[in-house]
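Good morning, and thank you for coming. Please look at the sequence and the model as I show them.

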Amino acid sequence: MAVASVAALAALTSCGGPTPAPGGGGTDQGQRQPLRTKQTDWTPVTDTLGRTGAFGDGNTVYRVSLPRSDLHVTTGGVAIKPGLALGGYAAFARYPDGVMLMGDLVVTEAELPHVTAALQAHGIPQTAVHKHLLEQTPPVWWTHIDAMADDPIPLAQGLKAALDATAIPPATPSPAQQPPMDLNTAGIDKALGRTGSAEGGIYKFTIARTDTITADGHVLPPTFGTTAGVNFQPLGGGKAAINGDIIMTAPEVQKVIQALSAGGIALVEVHNHMLTDQPRLFFAHFWATGDGVALATALRPALDATNLQPPH
């Protein structure tokens with residue numbers, strides 16, 4: 001399957017409409033900031049997808065959640081909740097020169113070739129195909145996408161074709177009242193130096209970098225996915241499974257790997273999500289189970305080895 005995925009990834013094409021964000025880093029064109037938008041600006045997207053999203057970063061990014069709540073994935077004997085490791089998304093933003101789509105689709109191994117074919121047929125480039133978990137049943141893949149167009153309709157149409165090749169269900173709203181979390185969340189917060197939030201039975205942290213991130217001169221706000229994610233799934237008795245990714249520049253990669261290893265946290269993968277990002281970014285995915293506070297304590301040095309926003 002990996003060979004087929006690499007071959008599909010190498011066959012990036014454009015069929016009109018969406019185009020890949022070209023290289024160059026933006027030094028010759030300056031930095032284009034995303035524009036503020038309103039809900040009605042994305043009506044063509046919601047009508048095409050049959051799904052609604054939510055705004056982030058001051059109404060500049062419109063993000064549609066695509067969790068795989070239909071799958072029953074296990075890894076290391078743990079039944080994975082969607083919020084721990086199966087939360088795909090598609091994010092849209094308008095810039096002075098067009099509309100950008102970035103996202104991460106969670107697909108089964110059987111779905112992946114069909115998703116790739118649909119994306120390529122609609123000119124939606126894939127920028128990465130990889131896994132976020134070590135041992136997993138059934139096998140699940142993640143494919144990142146990145147495209148621009150003059151308006152959002154062809155982007156939404158291409159995305160809809162890819163979603164139609166999967167069994168990804170519509171997202172369901174989170175309940176107003178989250179169930180009690182069988183974790184020492186205060187202890188986890190103290191160990192990480194940050195405050196998490198409960199969502200869908202997962203205690204999670206989303207941490208942005210302090211530097212400005214661009215792709216071809218377009219500034220990418222954190223809602224696009226340019227963040228570190230740390231997720232705790234309760235396993236009972238204060239224990240948890242942790243999964244997520246740490247966003248790093250090249251000089252930070254080995255420091256993070258060494259910190260994870262020293263803390264007994266398994267390294268799952270190191271890879272890119274984008275092709276033309278500046279600074280060049282890498283993502284280290286990790287996995288471990290154990291006492292929640294002890295895991296947070298072990299993970300903290302890996303976070304501190306990067307230019308993430310500092311602890312409070």
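Which residue in S14 stands opposite Gly 236? The residue is Lys 239. Please keep in mind that this is a predicted model.

Let me stay with this part of the chain. S13 and strand S14 (residues 239-249) run antiparallel and are joined by seven bridges. Their hairpin has two residues between the strands, and Gly 237 there takes a positive phi near 65°.

On to another partner of S13. S10 and S13 also run antiparallel, with six bridges joining them. One example is Ala 208, whose bridge partner in S13 is Thr 227.

I now turn to the rings. A pair of aromatic rings is described by the distance of the centres and the angle of the planes. How many aromatic pairs does a search of the whole structure find? The search finds five.

Consider Trp 42 and Phe 92. Their ring centres are 5.9 Å apart and their planes stand at 45°. An angle over 60 degrees would count as edge-to-face and one under 30 as stacked, so this pair is tilted. Trp 42 belongs to the loop between helix H1 (2-10) and helix H2 (43-49), whereas Phe 92 belongs to strand S5 (residues 87-95). The two are 50 residues apart, and their pair links distant parts of the chain. Are these two residues buried or exposed? Both Trp 42 and Phe 92 are buried.

Phe 205 and Phe 232 form an edge-to-face pair, at 6.1 Å centre to centre and with 65° between the planes. Phe 205 lies in strand S10 (residues 202-208) and Phe 232 in strand S13 (residues 227-236), so the pair ties together parts that are 27 residues apart in sequence. Phe 205 has a relative accessible area of 2% and is buried. Phe 232 counts as buried too, at 0% relative accessibility.

Two further points concern rings. Trp 42 and Phe 92 belong to a cluster, linked by ring pairs, that also includes Phe 55 and Tyr 62. Separately, the ring of Tyr 89 has the charged end of Arg 63 over it, 3.8 Å from the ring centre.

Thank you for your attention.

Definitions and conventions:
Residues numbered from 1 in each chain as written. Predicted model: local features only at pLDDT ≥ 70, side-chain atom pairs only at ≥ 80, totals over all residues. Heavy atoms only, no water. Phe/Tyr/Trp six-rings, centres within 6.5 Å; stacked < 30°, edge-to-face > 60°. Helix = DSSP H or I, 4+ residues; strand = E, 2+ residues; numbered from the N terminus. Buried < 20%, exposed > 50% of the residue type's maximum accessible area, 1.4 Å probe, protein only. Lys NZ or Arg CZ within 6 Å of the ring centre and 35° of its normal. Pairing = 2+ DSSP bridges.
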